[in-house]
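Keep the viewer open as you read.

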Amino acid sequence: MTDIQPPYGDLVLPCLNEAEALPWVLDRVPDGWRAVVVDNGSTDGSAAVAAARGAVVVHESRRGFGAACHAGLLAAEAELVAFCDCDATLDPGALPRVAAPVREGRADLVLARRRPAARGAWPLHARAGNLALARMVRRRTGVPLHDLGPLRVARRRPLLDLGLTDRRSGYPLQMVVRAADEGWRIEETEVPYLPRTGESKVTGTWRGTWHAVRDMRAVLR
């Protein structure tokens, strides 16, 4: 077992106009974890909300989910780094359980497999796109994943060494593919998936889902 002293890690929260959801998310960040909110051009005061609740706020002017995630990774200082959406679909309170295999040296990357906890939590088109991509990832990597879940944990230095270059929706997939190519031990664990707070920028619409799938297919190619 690897002994990691508090703070255990940094929780990177890519953010675009999530002022309504941020209080719930930040209030549920577990002890021993530092919230790093990466503001990706919000116009609703998200950065001020995050700062008022004690989060580290990083500003990333280049739009894109991957751009925000990577800016958070570069700003992280702890040994462990977690990534999570900040739209209140995922409870940061699950972080200690998700991170345990990495903290204890049993895994190199843990992804949280989403299980809808209420009607409407995961639109059908978004779920279908995710399942199709998960099948492609299994064929490409041999890793038996069922979800490319946005809640995930790994060690900071190895993540940086992956040299991730995608700055759009393909960032989470590129992380998994490159980690698999490097021989990382990749695991899944289930977490509840809740209805989002506020308006979705990606998976809440067919157009957003299509753009995400397109970006991820480009990574696989």
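**Starting from the cavity**

The largest cavity has a volume of about 60 Å³. A cavity here is a set of points, on a 1 Å grid over the protein atoms alone, where a 1.4 Å probe fits but cannot get out; lining residues have an atom within 4 Å of a point. Grid points are joined across faces, edges and corners, and the volume is the space filled by probe spheres set on them. By this rule, the count is 1 cavity of 30 Å³ or more. Before going on, note that this is a predicted model, where local features need pLDDT of at least 70 and side-chain atom pairs count only at pLDDT 80 or more, while totals for chains, interfaces and linings use all residues. Residues are numbered from 1 along each chain as its sequence is written, and side-chain values use heavy atoms, with hydrogens and water left out.

So what lines the largest cavity? Among the lining residues are Pro14, Phe65, Cys69, Phe83, Arg152, Tyr171 and Met175. Helix α7 gives the most to this lining, with 3 residues, and α3 and α7 each supply at least two.

Take α3 next. This helix (residues 65-75) is largely enclosed by the rest of the structure, because 8 of its 11 residues are buried. Buried means under 20% relative accessible area, with a 1.4 Å probe and protein chains only. The buried set includes Cys69, His70 and Leu73. Those buried residues pack against β1 (9-15), β2 (33-39), β3 (56-59), β4 (80-83), α6 (156-161) and α7 (171-181). Over the whole chain of 221 residues, 53% count as buried.

Now for the greasy part. In soluble globular proteins, nonpolar side chains tend to be buried together. A nonpolar core is a set of buried Ala, Val, Leu, Ile, Met, Phe, Trp, Tyr and Cys residues joined through side-chain atoms within 4.5 Å. The largest one has 33 residues, and Phe83, Leu109, Leu159, Met175, Trp184 and Ile186 touch the most other members. The largest share of this core, 7 residues, comes from α7. A second, separate core has 31 residues, including Leu80 and Ala107.

Leaving out residues up to four places away in sequence, its contacts (heavy atoms within 4.5 Å) are Phe83, Leu109, Arg152, Leu159, Leu162 and Leu164.

Follow two of those partners. Leu109 is found in strand β5 and is buried, with a relative accessible area of 0%. Its C-alpha atom is separated by 7.1 Å from that of Trp184, 75 residues apart along the chain. Leu162 is found in the loop between α6 and α7 and counts as buried at 9% relative accessibility. Not counting residues up to four places away in sequence, Leu162 touches Met175, Arg178, Ala179, Glu182 and Trp184.

One last stop: the charged end of Arg114 sits over the ring of Tyr193, 5.1 Å from its centre. That label needs CZ of Arg, or NZ of Lys, within 6 Å of the ring centre and within 35 degrees of the ring normal.

Notes. Buried < 20%, exposed > 50% of the residue type's maximum accessible area, 1.4 Å probe, protein only. Helix = DSSP H or I, 4+ residues; strand = E, 2+ residues; numbered from the N terminus. 1 Å grid on protein atoms, 1.4 Å probe; cavity = no way out; pocket = protein on both sides within 12 Å on 5 of 7 lines; lining within 4 Å.
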